[in-house]
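Biologist: I have just opened this one for the first time. Can you walk me through it?

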Amino acid sequence: MANPSPPDKAEQLIKLYARLGVKKDTPDAAMIDDIFDDAIQTCLDYTRSKLSTPILIQAKRLAIIMYNEQGTEGETSRSEGGVSQSFETGIPNIIKTALAPYRVAKTRRF
């Protein structure tokens with residue numbers, strides 16, 4: 001039995017819309033497209049690797065976090081009315097752990 005072909009960026013984007021409850025061809029969808037592109041680039045910068053299905057899946061997870069953190073950009077913590085919130089900066093550890101096997105090490109010639 002042949003392995004199914006890996007999902008591509010468009011398939012992951014459709015899943016991202018569904019998870020966030022956003023319909024395609026809306027202003028929110030255009031913003032999610034941009035956030036997803038940023039998340040993909042962040043994951044590629046971290047791994048120094050080529051785009052693959054596992055990286056797209058982690059980029060989707062990162063895009064969800066980026067979408068939910070809108071309006072809090074640049075903040076590390078906030079306290080309002082006795083309620084304190086703290087925000088993780090950069091790529092969350094759970095996503096870094098999932099991306100670790102796909103990192104390409106830098107080599108140096110002597």
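Modeller: We will go from the overall layout to single residues. Keep in mind that this is a predicted model.

Biologist: Fine. What does the secondary structure come to?

Modeller: The protein has four helices and two strands. Along the sequence the pattern reads α-α-α-β-β-α.

Biologist: What box do the C-alpha atoms fill?

Modeller: Roughly 55 × 45 × 25 Å, taken along the principal axes.

Biologist: How much of the protein is buried?

Modeller: Buried residues make up 29% of the 110 residues. The protein exposes about 7800 Å². Carbon and sulfur atoms supply 52% of that area.

Biologist: What share of the contacts comes from residues 24 or more positions apart?

Modeller: Such pairs account for 59%, counting contacts with a separation of 6 or more.

Biologist: Now charges. How many positive and negative ones are there?

Modeller: There are 15 positive and 14 negative charges. Their mean positions lie 12 Å apart.

Biologist: Let's switch to the strands. In which sense do S1 and S2 pair?

Modeller: Antiparallel, over four bridges. S1 covers residues 77-80, and S2 covers residues 83-86.

Biologist: Which residues stand opposite each other there?

Modeller: Serine 77 faces serine 86 in S2. Arginine 78 stands opposite glutamine 85, also in S2.

Biologist: What sits between the strands of that hairpin?

Modeller: Two residues. In this hairpin, glycine 81 takes a positive phi near 55°.

Biologist: Which residues other than glycine have a positive phi?

Modeller: Aspartate 25 is one of them, with phi at about 65°. Arginine 48 is another, with phi near 55°.

Biologist: Why point those out?

Modeller: Because most residues other than glycine have a negative phi.

Biologist: OK. Where is aspartate 25?

Modeller: In the loop between helix H1 (9-20) and helix H2 (27-47).

Biologist: Is aspartate 25 buried or exposed?

Modeller: Exposed. Its relative accessibility is 75%, and the cut-off for exposed is over 50%.

Biologist: And where do I find arginine 48?

Modeller: In the loop between H2 and H3. Arginine 48 is partly exposed, because its relative accessible area is 39% and that class lies between 20% and 50%.

Biologist: Next, H3. Which residues does it span?

Modeller: Helix H3 runs over residues 53-68.

Biologist: Is glutamine 58 buried or exposed?

Modeller: Buried, at 10% relative accessibility. The cut-off for buried is under 20%.

Biologist: What does glutamine 58 touch?

Modeller: Cys43, Ile95, Ala98 and Leu99. That leaves out residues up to four places away in sequence.

Biologist: Back to threonine 53. Buried or exposed?

Modeller: Threonine 53 is buried, with a relative accessible area of 16%.

Biologist: Last one. How far apart are threonine 53 and aspartate 25?

Modeller: They are 28 residues apart in sequence. In space the separation is 24 Å, C-alpha to C-alpha. Threonine 53 is the buried one of this pair, while aspartate 25 is exposed.

Methods. Residues are numbered from 1 along each chain as its sequence is written. This is a predicted model: local features need pLDDT of at least 70, side-chain atom pairs count only at pLDDT 80 or more; totals for chains, interfaces and linings use all residues. Side-chain values use heavy atoms; hydrogens and water are left out. Buried means under 20% relative accessible area, exposed over 50%, partly exposed in between (1.4 Å probe, protein chains only). Contact means heavy atoms within 4.5 Å. Accessible areas come from the Shrake-Rupley method with a 1.4 Å probe; for residues, only the protein chains shown count as cover. Lys and Arg count as positive and Asp and Glu as negative; His and the chain ends are not counted. The place of a charge is taken as NZ of Lys, CZ of Arg, CG of Asp or CD of Glu. Two strands pair if DSSP finds at least two bridges between them.
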